[in-house]
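Please look through the sequence and the structure shown below before reading on. The report that follows takes up strands, a helix, nonpolar cores and aromatic rings in turn.

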Amino acid sequence: MALAIAATMAWPASAVLPVMPAVALTGTPAAAAADESQTPDVRFEKTAFAEAKRTGKRVEILDRRQEATEFFANPDGSTTRRSYGEPKWTRADGRWRPVDASLVKKEDGSVGPASPVFPIAFSGGGAQPLATMVKDGKELSLTWPTVLPAPVVEGDTATYRSVLPGVDLKLIAEVDGFAQHLVVQNAEAAANPALRTIKLGFKTDGVTLTEGPGDKLLAKDEKGATVFSAPGPKMWEQPAAASEDKPAAKSKAKASSAAGADVTAAQPDSAPVAADVSGSTLTLTPDAKLLAAADQFPLVIDPVFSGGYREKWAVVYSATPSATYPNGSGWNSSNPADEPRVGYNGTGDTASFFAMNTNGLANATILDAKFAVVQTHSYECSASTVGPTELWSAGGIENTPSWSTAPWAAKLDYASFYGGNDQFCPGDKGHDFTSPALKAYVQKAADNGWGTLVLGMRAPSGYSGNTAAYKRFRNDPVLEVDYNYKPVVDGHAAYEGSWTPSGDGNKAVPCATAIGNSGIALTAKVRDPDGGSVDAVFTVKNSSGSAVTFSPNASTKRVTSGQWASVTMPAKNLTNGTYTWTVYAKDNENTTSPTTAACSFTVDRIGPNKPVSVYDVKDGSPAGQETDKYPARKSVQLKFGNTVSDVVGYCWAMDHFVSTASTRCANGNWVAAGSDAANSATVTVTPSGYPSSTLYVLAYDAAGNHSPMDGGDETVVLPTEKAEFVYEAGVTPVTPGTYPRDRHGDLNGDGQSDFVATNPDGELLLYRGNGTLEEPAAASLIGTGGWGGALIAHRDDLQGLAGPTAAPDGYEDFLVRLSNNRLYLYPGNGLGSPWVYSRQEIAHPSQDDWRGLRQVMLPGNIDGKPGNDLITIECLWDTSKPTPNCVNAELLLYSGRAIAGGGQDQNEPFDLAHPSVIGIGGWRDFTNLAMDDLNGDGAADIVGRNPGDGKLHLYPGCLNRPECASGYKLGSPTVYGTGGWTQRPYLTSPGNIQGTVKSTSVTVNDEGQTKTYAFKQFVPTPGEEYGDFWATTPADPNTAVPYMNESGIMTSRVCPTGCLLTYPGGPTSDRTPRLSGTGSWATLITGIF
């Protein structure tokens, strides 16, 4: 695919910042400026391109975001990658947030940037370290030789007054580093012997600090990678400077001489500062001559520390031809020092260099390139008088250049433009440099694998000394490149008969092995480094080299980049013999990957050579005809038959293929064949899919060989009618805004709330509710393994049984974080089971996985927006150690996404890019129990357990009221359950447990016609309309557990292996529990959900 590339500490609760608003994109190409008036939508890659096409607007691809890079899906199917000169985003505490260098106070008394790329902290005064940076678990900490006063904080700057007489110490925060400035106020202060050498203590962890050429300070890890660095320290006079912004005459340019200079005083002096690292001391030695001779104050002494090694930008200045200004450091001006400059400012000519990130472009084909800048000031307001601004290629600036050492290479482009003069031509001016020479320069960077490309801007030599050519720019330019990579095949494999992404039941067919009476499923993981969609193109050839048709199947499968594609060669197209198969990837520009090496397999068709015939028992007709309609979740009898003489039985399964990977019929249902000529067998099946379910069935002979299997011959599609549903109290089939679905907590469609549990063997069990507080029905096994350590939520219909492209089926689904820290959406099959065969993974919006997920809830639609929502408790990480630590957690609400006409957006069910923080901090150890409207105000409330005090707390929800006009919020908590809840290890609530199901009807007038709808409805037990919950007790043979018996009398018993209690809910508190289970609820259960 063609692609365009445009080049905090986690603190305790009281210090955690709320989510910061999205920032407008800056430094964008001028041509795109109008499109950036609103923040683009954000989606995952698998849906971003479709959304961009649907809306006609670019959509950011969230799962490809980087700190200084954003990726966008465009309406035409192309991708834009923007690389910025400065970081735009951080996920230092676990979630993407806009960067912010503004200083805030932390709980430990220190101050630091509100939202840095990595944790940065400044001393709050006293004995705290002066400054600490922690990156990837590696630390550099500086200390001041004396006790520090409390800082005066303003914006991004902390000032420590009078650390020496007449000397202030300033720390100026950046989002990826800081500047340390000793500010000497007068000549008397400069004469202080204490300034002749400044000794700073330092402490490192995981890095070694040394000085390099030019007194650079480098903190490298054990592999030699630079983690922190500082350019050679320096000192400079910084008196209040005259403005560079003297308004230009509108009619003519300034004379090309120094006569138009704005600064008439003597040019301030500057000098290098020597740096020496010895032991745990960093010694800075200011230039003695400048200390003694300085006559313009204040005098500033730095260094400037940052993460990594790359210089971002630099200014060079003819008036100080040997001086360096890395990232503007040391520039003396009343105007922003952090703005690059071009042209004559009244005392000297200026030019600027920019190091742009080109990591990831190696071996790409460059199609086009733009360098986008935003001009903030021009001295003149006429294109003819300002003259051209030239764009040049340049050498590296890791050793900061001066005017005398400026690394100019070749001119790439030029243009005359103006703007930013507040009096005569106000408003910033964007401009895109683009030319064949710029494209060729970026291609050279790609061909040579450069991680950084340097560009320079300057005025033509003929404008030297001409103030008309003076301009300033933002320091965040964008390098935007259209490019294309060849797609690649990252992996490929073959399987006998069928294949499922979950891996359950797959039987691999390695090269040079044989298959029997089956087709072959061919798979490939294909990827386009540019993103978007990719085609996997498969070929099968026979022994004579002729291609074998895949008909009626396709030989090509399109998937999202990075996903597995699969096609199936039907068994009927494979006669006995030897075959080879290959695959290659193709992108949207028809660029292809190399074809994989040929992989051979042999077909030896032994076994029943006919597919199984399936008939309806009720009328003897073939099952699955177009006129058939099988009620979903209702059992039906079918008859199997196969006239091959040695058939001994049949293996069948509903809505998933029959595996041939191990023991016969390991993942299916076995029925023996009859003794008649058709080897008949009758089975009872329960189709639950909608609008159809698929029956898979194979015939086996006595030797264990099976009938043809290829995803077609062994299947019968059964058209279905939508299942019957039990509606919530107060909801009918004609209630606006509803669609038919199971009530909350009902996993099998009987109208009663259920729960699931895990056991020590990693199995998943279903406990069916019965509408009372008594013991639930005996457990049913619904998951055979791998469920240990899982976090599980179930509520509402999020995905169709057949997969994300299926129609909503109304069944309650499961959201599960497995022990591998991956989050999966399992569609429910309407009969109580999570359907592993069509699960989809939900990627985290800012982390590699969901290891920071502490709790997960599916509350239904609580924020009033279309779609069912997701609530999580997620860690705020302290990354100051090699292993990040979950020091706190937030309660987050992810709004659901819905499709037109109702139902969840199954491809991207939640808006993961824009979580709302509904609980700021202190949630790390909370257990969420219930989400229901307990106080009757129309907003869902949360009941949670705080292990710190052993109590249940009720957090009232707020929606559509003045105090929560911006969206769903939680109010202040009240105690819902008094102490002792730490002795209830596992808790869960599906909502109201108590009630019965009745048949009823509703009659409406529909455009003059009377219509009656019959349906079933849940009727709560009178006085028991609130959310109830189940809880387990510990295994304790000595402590009695109190409860109320069926007669309403208080009693108790001991629970040596753990008991199950059911607590009826109430509007303000829980009530006395009932005993609902007496055996092994602590020893044989590891969680209830």
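Two strands pair if DSSP finds at least two bridges between them, and helices (H or I, at least four residues) and strands (E, at least two) are DSSP runs, numbered from the N terminus. The model is a predicted one, in which local features need pLDDT of at least 70 and side-chain atom pairs count only at pLDDT 80 or more, while totals for chains, interfaces and linings use all residues. Residues are numbered from 1 along each chain as its sequence is written, and side-chain values use heavy atoms, with hydrogens and water left out.

Strand S55 (residues 755–758) pairs with strand S56 (residues 764–767) in the antiparallel sense over 4 bridges, and Ala-757 stands opposite Leu-765 in S56. Both strands belong to an open sheet of 4 strands with antiparallel pairing, in the order S57-S56-S55-S80. Strand S57 (780–783) and strand S80 (1087–1088) are its edge strands, each pairing on one side only.

Helix H1 covers residues 45–55, and Glu-45, Thr-47, Ala-48, Phe-49, Glu-51 and Ala-52 in it are buried, where buried means under 20% relative accessible area with a 1.4 Å probe, protein chains only. An α-helix has 3.6 residues a turn, so residues three or four places apart point the same way. The buried residues of H1 pack against several strands, including S2 (41–43), S3 (59–61) and S42 (556–560), contact being heavy atoms within 4.5 Å. Gly-56, which follows H1, has a positive phi, near 75 degrees.

A nonpolar core is a set of buried Ala, Val, Leu, Ile, Met, Phe, Trp, Tyr and Cys residues joined through side-chain atoms within 4.5 Å. The largest has 52 residues, and Trp-144 is one of those with the most contacts inside it; not counting residues up to four places away in sequence, Trp-144 touches Leu-130, Val-163, Leu-169, Leu-182, Ile-198 and Leu-200. Apart from this core lies another, of 35 residues, among them Val-315, Phe-354, Leu-361 and Tyr-441.

Rings of Phe, Tyr and Trp (its six-membered ring) pair if their centres lie within 6.5 Å; planes under 30 degrees apart count as stacked, over 60 as edge-to-face and the rest as tilted. The whole structure holds 31 aromatic pairs. One of them, Trp-923 with Phe-926, is tilted, at 4.7 Å centre to centre and 45 degrees between the planes; both residues are buried.

A charge sits over a ring if NZ of Lys or CZ of Arg is within 6 Å of the ring centre and within 35 degrees of the ring normal.

| Charged residue | Ring | Distance from ring centre |
|---|---|---|
| Arg-58 | Phe-72 | 5.2 Å |
| Arg-743 | Phe-1018 | 3.6 Å |

Note on methods:
Buried means under 20% relative accessible area, exposed over 50%, partly exposed in between (1.4 Å probe, protein chains only).
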